[in-house]
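Hello,

Here is the structure I promised to pass on. Have a look at it first, and then read on for what turned up in it.

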Amino acid sequence: MSSIIDAAVEALNAKLDGQSLDGSAKFVIEDEGAVRIDENGASANDGDADVTMTADVDTFKGIMSGDVNPTTAFMSGDLAVDGDMGMAMKLAAILA
């Protein structure tokens, strides 16, 4: 498993801080792997999800640090969203 994915799982679980997601979401980090978030938290997992968000490493890191606004990244084409946009918005609110 990639160190980027390991760091992503750790960072997402810290941001979730005990909050749960009513559904599932997956971040696909290009050339690294996938992180799935559900009611149990984040894990390195490429399973099916209600929404899949795909970005390169720099965009993902920027979203996690707060330097990149997910909506702006989506509008500029740096973040692709496939599936339930409502679930993507719920996740963005939890991670903000």
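In what order do the elements of the chain run from the N terminus on? The order is α-β-β-β-β-α-α-β-α, which comes to four helices and five strands. Here helices (H or I, at least four residues) and strands (E, at least two) are DSSP runs, numbered from the N terminus.

Before going further, please note that this is a predicted model, in which local features need pLDDT of at least 70 and side-chain atom pairs count only at pLDDT 80 or more, while totals for chains, interfaces and linings use all residues. Residues are numbered from 1 along each chain as its sequence is written, and side-chain values use heavy atoms, with hydrogens and water left out.

Now the chain as a whole. Its radius of gyration is 12 Å, which agrees with the value near 12 Å for a compact globule of 96 residues; this radius is taken over C-alpha atoms, and the globule rule is 2.2 Å times the number of residues to the power 0.38. Along the principal axes, the C-alpha atoms fill a box of roughly 30 × 30 × 25 Å. Of the 96 residues, 39% are buried, where buried means under 20% relative accessible area, exposed over 50%, and partly exposed in between (1.4 Å probe, protein chains only). Taking contacts (heavy atoms within 4.5 Å) between residues at least 6 apart in sequence, 64% join residues at least 24 apart.

The strand to look at next is β4 (residues 51-55). Four of its five residues are buried, so β4 is largely enclosed by the rest of the structure. Two strands count as paired if DSSP finds at least two bridges between them. With strand β1 (residues 25-29), β4 pairs in the parallel sense over five bridges. With strand β5 (residues 79-83), β4 pairs in the antiparallel sense, also over five bridges. Thr52, for example, has Asp82 in β5 as its bridge partner.

Ala25 stands opposite Val51 in β4. Is Ala25 buried or exposed? Ala25 is buried, with a relative accessible area of 0%. Leaving aside residues up to four places away in sequence, Ala25 touches Val35, Arg36, Ile37, Ala49, Val51, Met53 and Leu91. Gly83 lies 58 residues from Ala25 in sequence, and the two are 9.3 Å apart in space, C-alpha to C-alpha.

Happy exploring, and best wishes
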